[in-house]
Structure formats: C-alpha cells, structure tokens
2 protein chains.
Amino acid sequence: MADTRWLDEGEQQTWRTFLTAVHLLEGALDRQLRRDSGLPHAYYQVLVALSEAPGRELTMTGLARLLRSSPSRLSHAAARLEEGGLIRRFKRPGDRRTTIAGLTPRGMETLRSAEPGHVHEVRRVLFDALTDDQVGQLRGIAESMLGVLDPGEEESRYAGPTGTGSQD
Amino acid sequence: MADTRWLDEGEQQTWRTFLTAVHLLEGALDRQLRRDSGLPHAYYQVLVALSEAPGRELTMTGLARLLRSSPSRLSHAAARLEEGGLIRRFKRPGDRRTTIAGLTPRGMETLRSAEPGHVHEVRRVLFDALTDDQVGQLRGIAESMLGVLDPGEEESRYAGPTGTGSQD
DNA sequence: AGTAATAATTTGAGCCTTCAACTGTGTTCT
DNA sequence: AGAACACAGTTGAAGGCTCAAATTATTACT
C-alpha cells in the first residue's frame, strides 16, 4: 500500500464528531425501541420490511438484501421473531429451498404500536436537530456514501425500510 | 403523547438512506480492523484514546466518558484488551477505588500497525466519497446531532478519539 | 467514631452478531 | 443419468454489548 495520507485536523474532527453522533444516535434509537416495545432496532426493521412487502411476505434472501443483513444474522433474528409469534416462516411451494417469512397479525400490531414512539425519537434525535438545509445535505451525503458502500444497488435505491412513514 | 407527525416522503428516504449508509459504513470499518489487526472497532478506539492521553493512561471513568461507553462495556473491553497484553490496569495510589488503564508497548505497536489500514478505509468509505462541501456539511450536521444527543458536553467538544490522525 | 450516601468499577446473565461449517435443493454440463 | 456446481437457508461456537446487581472504597453527616 502507498504512503498513508493521514487525516488533517479538520477531517479528524469531522470524523470523530460524526462517529460519536452516530454511536449515540443508534444507542438512543435502540434503547427507545427496546424499552417501549421490547424489540431491538434491527428486529423492528425486519417487521417494517415485511409490513411493506406485497402480502406482507418476503423471501429470507430478499429480506436480507433489503436490510443489508447477512443470511445468518437474519436467520437468527427470524428464529427469535418467530418464537415471539411476530412472524412465521414456511417453505415456498414449488421450491423447497426458499423460505418465506410473513408478518403475523400479532407482528403487525406490535409494529403499529411501536411506530409512533419510534418516529418521535427519530425526529427528536435527527430531524428536529437539523435545519431543512442540513436535512437535504444529509441525504446527499448518505447517497454518496452508498455509492461506495453499496455497489450495484443503484436501481434499488430508496434503500431499506425503517418504519417511520405514515400509516396507509 | 401528542399526535404522531409522520415522516414525509423525503424525510423517509433521507432517513433510510442514512441508516443504510451508516450500517454499511460500520460494517466496513469493523471488518477491516478485525481482519487486519484482530481488533473490533470499539476496542481500537480504546487504544487510540489511551495513546493520546498524557502518559498514555486514563481512568476507566475518563475513558468511558471519552468513548461514550457504559462503564460496564468498557470494563469488559478492558478485561479482554488486558488479556491480550495491549493494556494494563492498576489501582491509583491514593484512591483505591479508581482503576487506571495504560497502553502497553505492545498495545502501542498494535495500534501503530493498525492505523494506516484504518485511515485508508475511512478515506475510502467516507472522505473519498464526499466532496469538500459535503465534508463541511457533514461536520455541521454531526455537531447539531451532538447538541441533542450529548447534552452538557459543549466544552469537551472535539469529541472522542478515533485513531486516524498523523503520527507525532 | 459510626452510619449512611456516593463513587468507581466489576461481574454475570441474556441476547445479538459474526464467521465458518453444514444441509438440502435446484441447475448445468457432458 | 450422473457429477459438479451454485443457491437458500440454518446451525453452533465465540465474542461483544446491555442491564441489573454486587463489591469496595471514599466522603458526608450527626
């Protein structure tokens, strides 16, 4: 590898501030969700993804792609969510390889009841803290990052689900 | 709680894109560090904080504050880092409550050898992906977020260490 | 001094994520 | 058909994080 190009003072502070902010942000979101609905943020996102899918069902692989999750992680998560009765899994007829995960009524209820508090928290820690300009900037920044981090997903943009949108 | 103010289309996409980007970013950093130096990102940050402290030593509490870590998390981390010989812990003479963690020579070497790859990765996934304008914007955004997420830390800004700066 | 509050840190259980290995199914190629 | 390959998903072990409880030491009160 070539000579290291160290971060200058400004980059350093940008990086550290950003890292700290993200760390605290994730902590806040996760704590709120766990406290108010018993779900870690990652599991909440699984429910959201399913809730928005046609028939409220998705392939494990499809779900993993949407959530940028490893198959393994998702499989463990699904096992736990199924235990709790929030989703159910079954084989797709006609292809015994693929498993389909579907949101149960109980899962849907849990999600619905968790959403308001979650959105409130997202607003509190992100949108309320930023000006409109900053929100626009953040979007551009995140998109640029995805360009590097999420190669070959250009057409599937409008990334994964997060469960903050209006009810239908 | 009052009526929920849902996220509109644009906010929704901003939020999802941001979440996905951050998720991938952390994955990339953590994988790189684990692969090249055997350290998870969080543990790497402990070494960095110590390396920048006077005498390369800090109180457990001080370290926790700097890293926005719970005492418990830090204690577990320190135990493991000590096992690996990267830090050592000892009681402060004069106050047998407080434990001081210090970077060992071995820890310093490990850090030094990990830094170039880490900086390279930080550049790759963040700075190289952004324009100069965006970098500036990101800093402002992160600072705004900290304003909400990190109350009462106004004077200790220039948040925690991350180990991306130039060697002395 | 003696007792209660506070502070610093550690411990253990439970849970989530990662990684590597494994099972079972479909596909392809000859 | 049969071998090799690729695909979908799961499993188990190891490690890291969170939360609540426990430990030990200092300070504050009376």
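This is a predicted model: local features need pLDDT of at least 70, side-chain atom pairs count only at pLDDT 80 or more; totals for chains, interfaces and linings use all residues.
**A walk through the two-chain model**

In helix α2 of chain A, the residues A:Ala42, A:Tyr43, A:Val46 and A:Leu47 meet a set from helix α4 of chain A, made up of A:Arg73, A:Leu74, A:His76, A:Ala77, A:Arg80 and A:Leu81.

Now turn to another pair of helices in chain A. Helix α1 covers residues 9–37 and helix α5 covers residues 105–125. Here the packing angle is about 160°, with the axes 10 Å apart. An angle over 145° counts as roughly antiparallel, so α1(A) and α5(A) are roughly antiparallel to each other. Their crossing is right-handed. On the α1(A) side, the contact is made by A:Leu25, A:Ala28, A:Leu29, A:Gln32, A:Leu33 and A:Ser37. From α5(A) come A:Ala114, A:Gly117, A:His118, A:Glu121, A:Val122, A:Arg124 and A:Val125. The residues of this contact divide into seven nonpolar, four polar and two charged.

Chain A also has a link between distant parts. The side chains of A:Arg68 and A:Asp150 form a salt bridge, with N and O 2.5 Å apart. A:Arg68 sits in the loop between α3 (60–67) and α4 of chain A, while A:Asp150 lies in the segment after α6 (132–149), and the two residues are 82 residues apart in the chain. Over all chains, the structure holds 22 salt bridges.

Next, step back to see how chain A meets chain B. Each chain brings residues to the contact: 69 from chain A and 69 from chain B. The size of an interface is often given as the accessible area lost when the parts come together. For chain A and chain B, that buried area is about 6700 Å², with 69% of it on carbon and sulfur atoms. Three residues, A:Trp6, A:Trp15 and A:Arg16, supply 12% of the area that chain A buries against chain B, more than any other three residues.

Charged side chains join across this interface too, in four salt bridges. In a pair that spans the two chains, A:Glu11 forms a salt bridge with B:Arg123, and their closest N and O atoms are 3.1 Å apart.

Technical notes
Residues are numbered from 1 along each chain as its sequence is written. Chains are lettered from A and ligands numbered from 1 in the order in which they are written. Side-chain values use heavy atoms; hydrogens and water are left out. Axes are lines fitted to C-alpha atoms, for helices over the stretch in contact, and angles run from 0 to 180 degrees between N-to-C directions. Helices (H or I, at least four residues) and strands (E, at least two) are DSSP runs, numbered from the N terminus. Angles under 35 degrees count as roughly parallel, over 145 as roughly antiparallel, 65 to 115 as roughly perpendicular and the rest as oblique. A crossing is left-handed if the near helix is turned anticlockwise from the far one by less than a right angle, and right-handed if clockwise. Contact means heavy atoms within 4.5 Å. Ala, Val, Leu, Ile, Met, Phe, Trp, Tyr, Cys and Pro count as nonpolar, Asp, Glu, Lys and Arg as charged, and the others, Gly among them, as polar. Buried area is the accessible area (1.4 Å probe) that two parts lose on being put together, summed over both.
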